[in-house]
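Thanks for coming, everyone. I'll walk you through one model and keep it brisk.

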Amino acid sequence: MPSLLNPDVAALLREAEQAPIFDLDTSDHSVTSDYHSVVAAARTKFDPAVDRMRGPFDLASWQVDVRDDALKLPHSTPIRIYEPVELSRPATTMVYFHGGGWVLGNLDTLDPELRWFSHRLGCKIVAVDYRLAPEHPYPAAFLDCLGVVQKLHGLWPDERLCVSGDSAGGNLAAAVGIACRDLGIPLVGQLLIYPAVDPTQGHPSHDQYAQGYLLTRADMAMYWACYLPDRRTWATPTAAPLVEADLSRVAPAVVVTAGFDPLSDEGHAYAARLRLSGVRAEHLRSPGLPHGFITMTGRIPVAAAAVEQFLFHFADVIDSGPQG
């Protein structure tokens with residue numbers, strides 16, 4: 001039986017529809033447009049829109065030290081390091097890649113959420129301010145994210161590394177997970193939050209939730225067009241992770257999907273592919289919630305509960321891995 005949209009979420013979505021981030025023709029699913037001006041306008045609206053959705057957040061309740069830095073990769077890549085005062089997992093670092101369709105977002109976008117994650121998991125988090133499309137299409141963002149993991153592996157050889165990201169960041173985390181397997185860089189886990197892993201948009205959920213649930217089919221078509229303008233890259237696993245037929249030996253995963261999300265089916269398919277390849281993969285469904293729910297937790301109690309649930313499950317994945 002299909003889940004029902006949470007009524008608090010429905011009210012939030014009606015509010016969001018009054019101030020859309022993108023000015024797109026949703027009747028045209030082609031990817032032939034020049035999106036540079038559309039993206040430039042959206043970047044001025046994105047973080048304020050996220051803040052409105054988020055609602056009140058009590059940052060003082062989480063004792064986390066935060067500092068900004070940069071890594072030479074060879075260009076300078078900004079990072080933000082979160083370290084909880086109570087470091088219950090002292091030899092573990094999560095490398096986090098923000099969402100925003102590879103075209104939006106920065107180190108401030110998920111700052112409250114990453115303070116929460118760091119506090120709850122009791123480990124350091126390194127957030128990556130990777131280069132954005134369309135100015136920097138694939139493989140720029142992927143190489144930035146992989147480069148940070150490689151750099152940290154070299155700097156902190158005894159640290160237990162894991163990766164995570166939401167939406168486009170989930171794509172980057174999955175891609176980095178595949179690359180780390182191939183490069184022999186050990187990861188103890190990957191937390192993939194409603195990941196975008198298939199540019200074909202061929203799954204039923206893309207039609208079922210094409211419009212009206214915050215992320216639209218037209219939005220995703222634009223995002224993929226900006227990040228993968230050369231369709232030949234659609235067959236590359238580090239661009240489109242679902243095309244990787246053999247995911248054996250990648251890090252164990254928690255894959256989170258939302259009930260009302262165009263990406264829900266491809267997240268489900270990726271979790272199934274992981275399990276088929278012999279990888280421990282937990283698929284956590286969040287019925288009644290839309291794409292982007294991790295930024296709604298100050299206003300939507302069930303969204304906060306869903307975040308607590310996947311952090312609990314991912315902590316078990318971390319603790320089940322090799323100890324440093």
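Predicted model: local features only at pLDDT ≥ 70, side-chain atom pairs only at ≥ 80, totals over all residues.

Start with Arg280 and Glu282: their side chains form a salt bridge, 3.1 Å from N to O. Arg280 also meets Asp316 in a salt bridge, at 2.7 Å, N to O.

The cut-offs here are under 20% for buried and over 50% for exposed.

Why can such pairs form at all? Side chains of opposite charge can pair when their charged atoms come close.

How many salt bridges are there in the whole structure? A search finds 19. Another one joins the side chains of Asp230 and Arg232, at 2.9 Å, N to O. Asp230 is partly exposed, because its relative accessibility is 30%. Arg232 reaches 70%, so it is exposed.

Next, helix H8, residues 264-276.

Which residues of H8 are buried? They are Ser264, Glu266, Gly267, Tyr270, Ala271 and Leu274. Look at the spacing in that list. In an α-helix there are 3.6 residues a turn, so residues three or four places apart point the same way.

What covers the buried residues of H8? The cover includes helices H5 (168-183) and H6 (204-208). It also includes strands E6 (189-193), E7 (253-260) and E8 (281-290). Just after H8 comes Gly278, with a positive phi of about 85°.

Last stop, the inside. The largest nonpolar core has 67 residues, and Phe97 and Val149 touch the most other members. Helix H5 gives the most to this core, 9 residues. A second, separate core has 45 residues, including Met94, Ala127, Ile294 and Ala303. In soluble globular proteins, nonpolar side chains tend to be buried together.

Now zoom in on Phe97. Leaving aside residues up to four places away in sequence, its contacts include Val128, Tyr130, Cys145, Val149 and Leu172.

That's my tour. Over to you.

Note on methods. Residues numbered from 1 in each chain as written. Heavy atoms only, no water. Buried < 20%, exposed > 50% of the residue type's maximum accessible area, 1.4 Å probe, protein only. Helix = DSSP H or I, 4+ residues; strand = E, 2+ residues; numbered from the N terminus. Contact = heavy atoms within 4.5 Å. Core = buried A, V, L, I, M, F, W, Y, C linked by side-chain atoms within 4.5 Å. Salt bridge = Lys/Arg side-chain N within 4 Å of Asp/Glu carboxyl O.
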